[in-house]
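Student: I would like to go through some labels used for this structure and ask what stands behind each one.

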Amino acid sequence: MPREFLGTITLIIALLANWYNPASALAADSTKFATPVEAMSAAEDAFGKGKLEAFADCFDAEGQKQTAAGYVGIFAAMLSEGSGPDAKKIKDLLAKHGVTDVAKKAGETDEQLSDRLAAKVKDPRAFMIEAIPVLYSGSGNKVPIK
């Protein structure tokens with residue numbers, strides 16, 4: 001199975017994990033969506049239309065942090081495995097958002113690594129918006145993919 005496909009699957013799993021928790025699915029403005037199903041539908045629609053800002057706004061601040069952690073984890077894995085989009089693009093994006101050392105510490109789990117690195121990201125919303133095109137840049141797929 002191609003590594004890029006695995007990265008895509010990992011992305012989908014990370015997003016679904018966020019949507020499983022209704023509190024994470026709702027945007028910061030609690031009146032924006034009446035139900036988690038509405039939030040998920042809006043997120044899918046925005047992503048499918050390439051409206052990445054609207055996609056990010058379907059998550060509250062905690063959901064944006066969790067999603068950023070998922071992306072950071074995917075990027076860290078891609079860098080360590082040498083798979084996915086251009087390593088320079090990933091490193092530049094991470095550095096722009098305050099993540100300069102993606103090395104795993106002794107005894108650290110993948111989840112702990114993702115959380116530690118994502119904690120350095122000052123603006124998870126902006127990171128989400130910029131991470132999606134980078135994630136898909138080496139896959140041969142056009143962003144967005146619904």
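**Labels and cut-offs**

Tutor: D92 and K88 both sit in helix α6, 4 residues apart, about one turn of the helix. The model is predicted: local features need pLDDT of at least 70, side-chain atom pairs count only at pLDDT 80 or more, and totals for chains, interfaces and linings use all residues. Residues are numbered from 1 along each chain as its sequence is written, and side-chain values use heavy atoms, with hydrogens and water left out.

Student: What makes D92 and K88 a salt bridge?

Tutor: The term requires a side-chain nitrogen of Lys or Arg within 4 Å of a carboxyl oxygen of Asp or Glu. The closest N and O atoms of D92 and K88 are 2.8 Å apart, so the pair meets the definition.

Student: Why is D92 called partly exposed, and K88 exposed?

Tutor: Buried means under 20% relative accessible area, exposed over 50%, and partly exposed in between (1.4 Å probe, protein chains only). D92 has 42% and is therefore partly exposed; K88, at 54%, is exposed.

Student: Why are α6 and α8 called roughly antiparallel?

Tutor: Helix α6 (residues 87-96) and helix α8 (residues 124-136) pack at about 175°. Angles over 145 degrees count as roughly antiparallel, so α6 and α8 get that label.

Notes:
Axes fitted to C-alpha atoms, helices over the stretch in contact; angles between N-to-C directions. Helix = DSSP H or I, 4+ residues; strand = E, 2+ residues; numbered from the N terminus. Parallel < 35°, antiparallel > 145°, perpendicular 65-115°, else oblique.
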